[in-house]
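Please look at the sequence and the structure before reading on.

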Amino acid sequence: MNAQRADVDAERPARLALLGSGTVGSAFVARYQALQAGGATLPTFQWLANSRAALDCTDGPAQSLARVRTAPPRTAAARPWSQSAALRAGDVIVDATASELVAAEHAGWVSQGVHVVTANKLGQGTQLERAQQIVRGCADTGAVYGDSATVGAGLPLLSSLRALVEGGDRIHRIEGVLSGSLAWLFNRYDGSQPFSVAVRDAWTAGYTEPDPREDLSGEDVRRKLLILARACGTALEGDRVQVESLVPAELASLPLEEALARLALLDAPLHQRWQSAQREGQQLRFIGCVQDGAAQVGLRALAIDHPLAAGAGTDNRVAIHSDRYRDQPLLIQGPGAGADVTAAALLDDVLRIARTATNARS
C-alpha cells in the first residue's frame with residue numbers, strides 16, 4: 001500500500017462493515033446498538049451484506065438488516081460484498097458468515113490495511129498458505145486480524161496462548177472440548193431419548209453450524225485445532241489432523257434438508273458408545289488434541305474425574321500443557337457456542353481496534 005495514502009486513510013474516521021445477516025449477524029447488530037447507546041466509541045456502521053444484497057446503513061443498521069434479510073436471491077456468481085472495494089485502511093470489516101468465498105478475501109483485506117474481525121474459521125483454519133498470508137498482510141500494513149470468536153466464542157484462549165509464546169513459554173500439548181455444540185450434546189445426552197432429538201434441539205437453538213454435520217463430523221474442531229496450533233507458531237497442515245467423524249457415510253452424502261430429516265441414522269451408533277461408557281463408569285466427550293506437530297479429533301470415554309469431563313451446557317474446557325504449566329495444565333473454561341457470546345466476542349475485538357486507533361491519534 002502507498003505509505004502516503006495509508007497515512008491519509010489513517011486520519012479518517014474508521015467505518016464498519018458487517019457480512020452476515022444470520023443469528024450471529026443479528027446479535028452483532030443488537031449489541032452494537034446497545035453499546036452505542038451506552039456511549040461506547042465505535043466505528044460508524046457503514047454497510048452490511050449477505051449473499052443476497054449489500055446495503056448502506058444510512059437509516060440505521062437494524063433497518064438495513066431487516067431489508068437485507070428479505071432481499072431477493074441473487075445468482076450464484078454474485079458477490080454483494082464486492083462493495084468492500086470502497087473500504088480503506090483503518091476500516092473494520094466483520095465476517096459473521098461461515099462462507100469460504102468471504103474467508104478467501106481476508107488476506108487481501110488486511111494487506112490493504114483493513115482490519116478484519118471474524119467468527120469465520122475458514123480464514124486461519126484451512127490452508128496453511130492462507131493463514132500465513134493473513135499474518136504477512138497484518139505485519140506489512142499494521143492491520144488487526146481479530147479472531148477471538150473463531151475458537152471458544154471469545155474465551156481468553158487464543159490471547160492466552162499468544163501471550164505465553166511471546167513470553168518465552170513452550171507449548172507441549174493443547175487438548176480439550178472445543179465444540180460448544182458437541183459439549184452441549186454430550187452434557188445433555190443420557191440415553192433417555194434419541195441422540196438425533198438433541199442434535200435437532202441444538203441446531204434450532206443456534207448452537208451448531210448451519211449444517212450440523214460440520215460439528216458432528218469433527219470438521220469444526222479440526223479447524224479450531226489448526227487455528228490454535230498456528231497461534232502457537234506451529235505450521236500445522238490440515239492433513240496432519242486425524243478426525244473421527246460421528247456422521248455415518250449414508251448421512252454424509254445427503255443434501256442438507258434431507259440430512260436433517262434423517263438424523264435418526266445417528267442414534268444407534270451413539271447409543272452403543274454411550275452404553276459402553278456407562279458400563280465403565282465413564283462419560284463421553286468429543287476431544288481435540290494437538291501435540292508434536294500432529295493432532296487428533298474424536299469421541300473419547302473419560303473417567304468422571306478427568307479434567308476434561310467437567311463442565312456443563314455449551315462449555316468449552318481446554319487444557320494447555322507447557323513448560324510453565326508442566327505439572328498441572330492451565331485450564332480455560334466457559335460457554336463456547338451461541339449467537340450472543342459469539343457476537344460479544346466480535347464486538348470486543350472491534351472495541352479493541354477502536355481504542356487502539358483512538359490512542360494512536362491522540
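Predicted model: local features only at pLDDT ≥ 70, side-chain atom pairs only at ≥ 80, totals over all residues.

Residues are numbered from 1 along each chain as its sequence is written, and side-chain values use heavy atoms, with hydrogens and water left out.

**Helix contacts**

Two packed helices are described by the angle between their axes and the distance between the axes. Here the axes are lines fitted to C-alpha atoms, for helices over the stretch in contact, and angles run from 0 to 180 degrees between N-to-C directions. Helices (H or I, at least four residues) and strands (E, at least two) are DSSP runs, numbered from the N terminus.

| Helix pair | Angle | Axis distance |
|---|---|---|
| α2 (residues 23-37) and α3 (residues 61-69) | about 165° | 10 Å apart |
| α8 (residues 180-188) and α9 (residues 195-204) | roughly 140° | within 10 Å |

The angle makes α2 roughly antiparallel to α3, whereas α8 and α9 are oblique to each other. Angles under 35 degrees count as roughly parallel, over 145 as roughly antiparallel, 65 to 115 as roughly perpendicular and the rest as oblique. α2 passes α3 in a left-handed crossing, while α8 and α9 cross in a right-handed one. A crossing is left-handed if the near helix is turned anticlockwise from the far one by less than a right angle, and right-handed if clockwise.

Contact means heavy atoms within 4.5 Å. On the α2 side, Ser26, Val29 and Gln33 meet Pro61, Ala62, Leu65 and Arg69 of α3. This contact of α2 with α3 has four nonpolar, two polar and one charged residues. Ala, Val, Leu, Ile, Met, Phe, Trp, Tyr, Cys and Pro count as nonpolar, Asp, Glu, Lys and Arg as charged, and the others, Gly among them, as polar.

In the other pair, α8 contributes Trp184, Leu185, Phe186 and Arg188, and α9 contributes Phe195, Ala198, Val199, Asp201 and Ala202. By class, the contact of α8 with α9 has seven nonpolar, no polar and two charged residues. Seven of the nine residues of α8 are buried, so α8 is largely enclosed by the rest of the structure. Buried means under 20% relative accessible area, exposed over 50%, and partly exposed in between (1.4 Å probe, protein chains only).

**Aromatic cluster**

Rings of Phe, Tyr and Trp (its six-membered ring) pair if their centres lie within 6.5 Å; planes under 30 degrees apart count as stacked, over 60 as edge-to-face and the rest as tilted. The count by this rule is six aromatic pairs. The ring centres of Tyr189 and Phe195 lie 5.4 Å apart with the planes at 90°, so this pair is edge-to-face. Tyr189 also forms an edge-to-face pair with Trp274, at 5.9 Å centre to centre and 70° between the planes. Tyr189 lies in the loop between α8 and α9 and Trp274 in helix α14 (residues 267-279), so their pair ties together parts that are 85 residues apart in sequence. Phe186, Tyr189, Phe195 and Trp274 form one aromatic cluster. Tyr189 is buried at 7% relative accessibility, and Phe195 is buried at 0%.

**A loop residue**

Leu236 lies in the loop between α11 (219-231) and β8 (241-243). With 2% relative accessibility, Leu236 counts as buried. Beyond its neighbours within four places in sequence, Leu236 is in contact with residues including Leu128, Leu226, Val241 and Val290.
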